[in-house]
Structures are given as structure tokens and as C-alpha cells.
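This report goes through a single protein chain.

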Amino acid sequence: MTTKAEQIAPSMTRGSVREVASVFVRLGLLAFGGAAGQIAMMRRELVERRRWLTEQEFLDLFGIMNLIPGPSATETAIALGYWRAGWPALVLGGCLFILPAMVMILALAWVYVRFGTLPAVQWVLYGVNPIVIAIIVDALWSLGRAAMKNVWLLMLGVAALGLYFRGVSIVAILLGTVVLTGVISAIERGKKQDRTAILPMLGTAAGAAAMVAIPFSLTRLFLTFLKIGAVSYGSGYVLLAFLHADFVTHLHWLTEKQLLDAIAAGQITPGPVFASATFVGYITGGFSGALLATAGIFLPSFVFVAIVFPLIPKLKGSASARTFLNGINAATMGLMAAVSWQLARGAIVDIFTALEAVIAFFILLRYQINAAWLILGGVVAGFVMKFAIH
């Protein structure tokens with residue numbers, strides 16, 4: 001009797017859980033460069049070297065993982081684990097891909113809480129934060145061109161940006177996008193949406209229902225990250241919009257500077273950018289907060305992949321799912337643009353940081369350089385300025 005994974009990829013031979021664990025712990029240790037870098041490394045390792053699946057199968061799998069909320073690269077890792085060795089590998093492959101980033105960011109958060117006020121650390125962050133802004137803008141530039149496929153999608157992105165600055169919640173913006181794209185899909189095809197296209201919307205609605213204003217607690221921390229993991233679409237950089245709205249604007253648990261520092265921690269470590277949740281969890285709730293924040297933000301990804309994976313054959317043929325994804329991508333580009341502007345005001349504080357951000361952006365635009373090298377360059381630049389001034 002064959003499993004769903006074998007039915008979808010009958011040409012692929014089944015592997016062992018140990019093999020999956022070995023592959024994904026190594027990818028978790030080496031996968032710098034955000035979602036794009038992580039996907040490129042998975043492709044090189046699993047398609048070209050190990051031949052777990054064909055090029056087209058890999059592309060189809062990654063495309064479908066973009067239809068569900070959460071970090072698409074991490075969800076691709078989770079799905080590939082299941083593809084190769086079944087349910088145990090779904091859990092183990094995903095956890096081991098996340099674990100190295102979580103451990104490294106936890107260590108950075110411990111140092112930050114205890115030594116973050118030291119001049120040396122402040123100068124490092126002074127040099128790194130403009131680089132983070134450049135990386136975000138570069139992602140916005142590249143992803144935005146791909147997302148704005150026509151005039152109505154461009155208008156949707158602009159509308160999301162405008163609504164964000166008018167104080168409308170991110171979840172409300174995404175829910176509005178869900179409704180609008182559903183109407184457009186129904187009009188274009190003259191029929192109701194496919195049931196398979198509704199799954200991501202249910203995740204969004206469930207996340208919205210979780211928003212209840214209650215006093216600070218570890219439970220609130222966990223539920224907030226659970227909501228973020230359940231409703232965030234697009235690349236890991238969209239996480240910025242949710243963190244800013246919840247932890248800076250709504251809860252006031254973080255300053256904009258601390259948020260930038262959390263994202264910087266996610267950038268200078270390999271693995272998913274969503275692991276920045278570990279940093280936020282630690283500086284707000286200690287070690288328990290770090291564990292709960294990490295569990296909260298990644299748990300929905302495991303659940304969504306487990307639900308959607310058996311439906312992959314239907315999703316591949318769903319035109320409605322593509323319409324929905326296009327609309328969500330356009331809206332998230334607008335949210336990214338809004339938050340990038342807000343964060344840039346805290347990171348670009350003088351001529352030096354402005355030049356640093358501009359130079360880093362053009363380097364990213366012109367060359368296929370790993371973002372981790374620019375982060376290291378920002379560290380060096382911060383120390384150079386420290387000694388130049390003192």
C-alpha cells in the first residue's frame with residue numbers, strides 16, 4: 001500500500017528518517033540568504049545532488065507551499081521531509097531545519113539582554129541596521145515586480161499601503177484581500193471557488209479570531225505568535241509588518257529599535273527569518289518566552305502542510321488558488337513597503353547610515369551576493385565608525 005507522498009511522486013524511492021534528519025540539520029546550519037537562498041540550497045542539494053525529485057516536481061511543491069500562510073521555505077522543507085520519508089520526517093525535517101537558527105538567535109538574545117547597552121554592541125547594531133533596511137528594500141524591489149502582474153494587483157498593493165498608514169489592522173487588510181480576490185475569481189470563472197483554494201482563507205480567518213486584547217502574559221505571547229504564523233503570507237520579510245503592528249504599535253512590548261535588532265539577529269544567522277520570533281520571545285519573556293514564541297510561529301506551518309499535502313494534485317489544477325495567491329502577494333508588498341518606511345526612519349540616522357544603506361542596496365541589486373556578507377560588512381563598518389569617532 002502506497003502513501004500519498006509515493007502517489008504524488010511515484011518515480012522517487014523512499015528514504016529514511018535518518019537521511020532526512022541529516023540533510024535538513026545541515027541545511028539549517030548553512031542556509032543563509034533568506035527564503036531565496038534557502039530554496040536555492042534545497043534545490044541544489046535535493047534535486048541536483050540527491051535526486052529526491054525532479055526539477056518540475058520541486059517547482060510545483062514550492063509554488064503550492066506559497067499558497068498557505070507561513071514561511072514558504074520552511075514549509076517547503078517540512079513538505080520535502082514528508083515527501084521523502086513520511087510523517088515522522090515531516091516533523092523531524094522541519095524541526096531540524098528550524099533548530100540551528102533558534103539556538104543561535106537565543107544565544108544572541110541572551111547577549112543582547114545582558115550587554116546590549118555596551119558601546120561596542122551599540123556600534124555593531126549602528127552598522128548592521130542600515131544593512132537590514134537595504135536587504136528589506138531589495139526583497140521588496142524584486143518581489144514587488146513579480147507580484148504586480150497587472151493594474152488591479154498594483155492598485156491592491158497601493159490600497160494595502162494606504163490602509164496600513166490609516167491604522168487599519170493587518171489582519172483586516174488580509175481578510176479584505178481574501179474577500180476581494182474571491183469575488184474576482186468568481187466573476188472571472190462564473191463559478192464558486194474551488195474548496196482547495198479556501199484552505200488558506202480559513203487559516204487567515206482563524207488568525208483574526210485569535211486577536212483578543214488581554215494583559216501581558218506568556219499565553220498572550222504564544223497566541224500572538226500563533227496568529228502571526230497562521231496569517232502571514234509572502235516572504236519572511238513580511239513578518240516585519242506583523243511584529244511591528246502587534247509588538248510595537250498594539251502591545252508596546254518592543255521599541256522600533258528592538259524590532260530592528262530582532263530582524264538583524266535573524267539575518268546574521270542561517271535558517272528562516274521567522275526565527276526572529278525567538279529573539280522577541282526572549283527579550284519579552286525570557287527563556288520560556290523564547291520557546292513559546294518559536295513554537296507559536298512555526299506550529300501553523302506544520303499543521304497547514306499536513307492538511308494541504310494530500311491535496312497537492314487538486315491544488316496544481318486550481319486556477320482560483322492562483323488568483324488568491326496573486327492578490328495576497330500584492331497586498332503583502334504594500335504592507336512591506338509601509339513597514340520598510342517606518343523602520344528606515346529608525347535605522348537611517350545620519351549621512352553615514354544613509355550611504356551604507358544605499359551602497360548595500362545597489363550591491364544587492366547588481367550582484368548575487370549572500371546577504372550574510374553584507375551583515376558582516378555592517379558589523380565592520382560599525383566598529384570603524386566607533387574608532388573613527390573616538
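Helices here are DSSP runs of H or I with at least four residues, numbered from the N terminus. One of them is α9, which covers residues 170-189 and contains I184. The model is a predicted one.

I184 has a relative accessibility of 18%, and because buried means under 20%, I184 counts as buried. In sequence, I184 and G327 are separated by 143 residues, while their C-alpha atoms lie 9.8 Å apart in space.

Helices α13 and α14 form a contact. The axis of α13 (residues 256-267) comes within 8 Å of the axis of α14 (residues 276-308), and the two cross at roughly 135°. The pair is therefore oblique. The crossing of α13 past α14 is right-handed. On the α13 side the contact involves Q258, D261, A262, I263, A265 and G266, which meet S276, F279, V280 and I283 of α14. Sorted by class, this contact has six nonpolar residues, three polar ones and one charged one.

The average pLDDT is 81, and 84% of the residues score at least 70.

| Helix | Residues | Mean pLDDT |
|---|---|---|
| α10 (lowest confidence) | 195-209 | 43 |
| α14 (highest confidence) | 276-308 | 95 |

Over residues 192-213 the pLDDT stays under 50, and the model has 46 contacts beyond four places in sequence for them.

Terms used: Residues numbered from 1 in each chain as written. Predicted model: local features only at pLDDT ≥ 70, side-chain atom pairs only at ≥ 80, totals over all residues. Heavy atoms only, no water. Axes fitted to C-alpha atoms, helices over the stretch in contact; angles between N-to-C directions. Parallel < 35°, antiparallel > 145°, perpendicular 65-115°, else oblique. Left-handed = near helix turned anticlockwise from the far one by under 90°. Contact = heavy atoms within 4.5 Å. Nonpolar A, V, L, I, M, F, W, Y, C, P; charged D, E, K, R; others polar. pLDDT = per-residue confidence, 0-100. Buried < 20%, exposed > 50% of the residue type's maximum accessible area, 1.4 Å probe, protein only.
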